Protein chains: 2
Amino acid sequence: MSKPVNYSDLEQARTAIADYVIETPLFQSRRLNDWLGHEIFFKAENLQRVGAFKARGGCYAVRSLRANASSVERVYARSLGNHAQAVAWAARLFDIPATIYMPKTVSAVKLQATKDYGADVVLYDDIKEVSVVEKEVNERPGHFWISPFNDKAVIAGQGTATIEAIEQMPDVPDALFAPCGGGGLLSGMWIAARELAPNAQVIGVEPETANDAWRSIQAGKITPLDTPSDSIADGVRTYEIGDITFEYLKQMDDFMLVSEQRIMYWTQWLQHLLKLHIETASAMSMDAVYQWLQQQSSPKKVMVMLSGGNIDAAMMRRIWAEDQLQEIPRL
Amino acid sequence: MSKPVNYSDLEQARTAIADYVIETPLFQSRRLNDWLGHEIFFKAENLQRVGAFKARGGCYAVRSLRANASSVERVYARSLGNHAQAVAWAARLFDIPATIYMPKTVSAVKLQATKDYGADVVLYDDIKEVSVVEKEVNERPGHFWISPFNDKAVIAGQGTATIEAIEQMPDVPDALFAPCGGGGLLSGMWIAARELAPNAQVIGVEPETANDAWRSIQAGKITPLDTPSDSIADGVRTYEIGDITFEYLKQMDDFMLVSEQRIMYWTQWLQHLLKLHIETASAMSMDAVYQWLQQQSSPKKVMVMLSGGNIDAAMMRRIWAEDQLQEIPRL
């Protein structure tokens, strides 16, 4: 397969969405840097519109439809979280009706946020019903189903977060880390890094208990999870990556796995040190950084993509169930 | 009593600490503004050095000693939280040894943070022992006890947060809200507002269960709590305000009390909407804003001082024990 997304696509996406998304700041923790002896830069996409990097890809995908399709009647998406809000928000920006499919078990706060952006929400029991609807939608002119990751415009949009982050850093990074759900964020990161920081390592991160991308890379073919994951990193429980993202994911410099305990550990520590409300999927990457730094013999500069900050109360209780702040992170 | 702190003192403080403290950003939540029909601006002092506005007053107090005292051998403070870290941090900035008194029950993370800034920490059982030490310290030349609020330099330093916030706002605010512990932050806010936003209301906020400032204002004299407070707003459980701060506190336009349940409610909602890790004492003010807005008949612009973001794991569990995000805040 030829590479379907180029750096110039990311640049186009950046221009196209500039008026709608936020150039989020980079954060550092002096104490963490002191403890580790390296410099870690955190790109705070939790402060992005709709509270996650997904706003970038969602915005660019919807805007591209508006710009290129002869008629856009309605957009559709299925998601239990950030992608739902991103498509709902982007559709309202460009005055397009949206229908979002969410599982009946979705939390009240995520449901409300999606409705607040003006979308029609359909609650489903069985994901198979939605797959049928998706096929029907894609056959109707003017109706568009927007994938959360396996879509060229979505990947280009997500890549803009990495372009910004590299530009904001005082030096070219030695390594870049991002969580992997379906792989859209990480694919965009890879494309941006190859242009702007060609010597930087690009490293993907997954929970041990939701390691479908890691398994796909090992097997050399897309390999879904055996059973649905209940990982505390709820943003990256994705069952299966896509054929477009797989082409990028298999080129990563490394792919690292993180235990549930360490995800909880770093979520507490990064909330505490950065004073940011960030998701477990975001903090998870910091454990991969920690593992990677243990192998380094000189001070490094790394960038961590904090993917989002939409967390319901039940998850906050799960994150803070035990005190992880008694053990200071040192190398 | 003549007013001991003037606006020019705040300006001097601002210049003196500019190289050390952060000009923290203002945040807004579009969704909250939509729900309430008003514009709320949040000054994010949780992103300040040491994680709280206390860095400002601590820095200015220590720097003033360095600049004005003939000899500075050592600085001292008693605190179970942010003031301890602020003095320890500021002392290290100006190369002065520091001794911090903390109760034996202090959390490991707060103890560690204070030690990390290089201070000698003395753990005490009984606060009366510390009062004896405080008197002795104040009689020794070159040794200085730094009050967390009843100190002119501290008040001037805290006031710089309000100067910045008013300058950052697109319009002059209609009202300014801050939590009241000992009253240093609020006194500084009052002084700044009288110069920069003379028509703005300045409103202090306390927990119902730690209402010593409110009671002092009602009684016309400093009135301590009957019993120590266990309010969830641990940053403002202060037993008694000071004689310097009382002069300002009694001039406030209003003083509002907030229930424990509402403190928890707004802490969850502001963490969720702003994506910031903020203390209960910070979020508490938002309930006073909500009460105040209910009395208004036209759209208002208000500023809320988010005082800090140092929260231990036990407090995070207490904050998130029940799901407050089911009930959306609307007027």
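Strand S7 (residues 175-179) and strand S10 (residues 301-306), both of chain A, pair in the parallel sense over 3 bridges, where pairing requires at least two DSSP bridges between the strands, and strands (E, at least two residues) and helices (H or I, at least four) are DSSP runs numbered from the N terminus. Within this pair, Phe177(A) has Val304(A) of S10(A) as its bridge partner. This is a predicted model, in which local features need pLDDT of at least 70 and side-chain atom pairs count only at pLDDT 80 or more, while totals for chains, interfaces and linings use all residues. Residues are numbered from 1 along each chain as its sequence is written, chains are lettered from A and ligands numbered from 1 in the order in which they are written, and side-chain values use heavy atoms, with hydrogens and water left out.

The two strands belong to an open sheet of 6 strands in chain A, with mixed pairing and the order S1-S2-S10-S7-S8-S9. At its edges are strand S1 (26-27) and strand S9 (254-258) of chain A, each pairing on one side only.

Now to the interface: 35 residues of chain A are in contact (heavy atoms within 4.5 Å) with 35 residues of chain B. The rule finds 2 salt bridges across this interface, a salt bridge being a Lys or Arg side-chain nitrogen within 4 Å of a carboxyl oxygen of Asp or Glu. One salt bridge joins the side chains of Arg31(A) and Asp116(B), at 3.1 Å from N to O.
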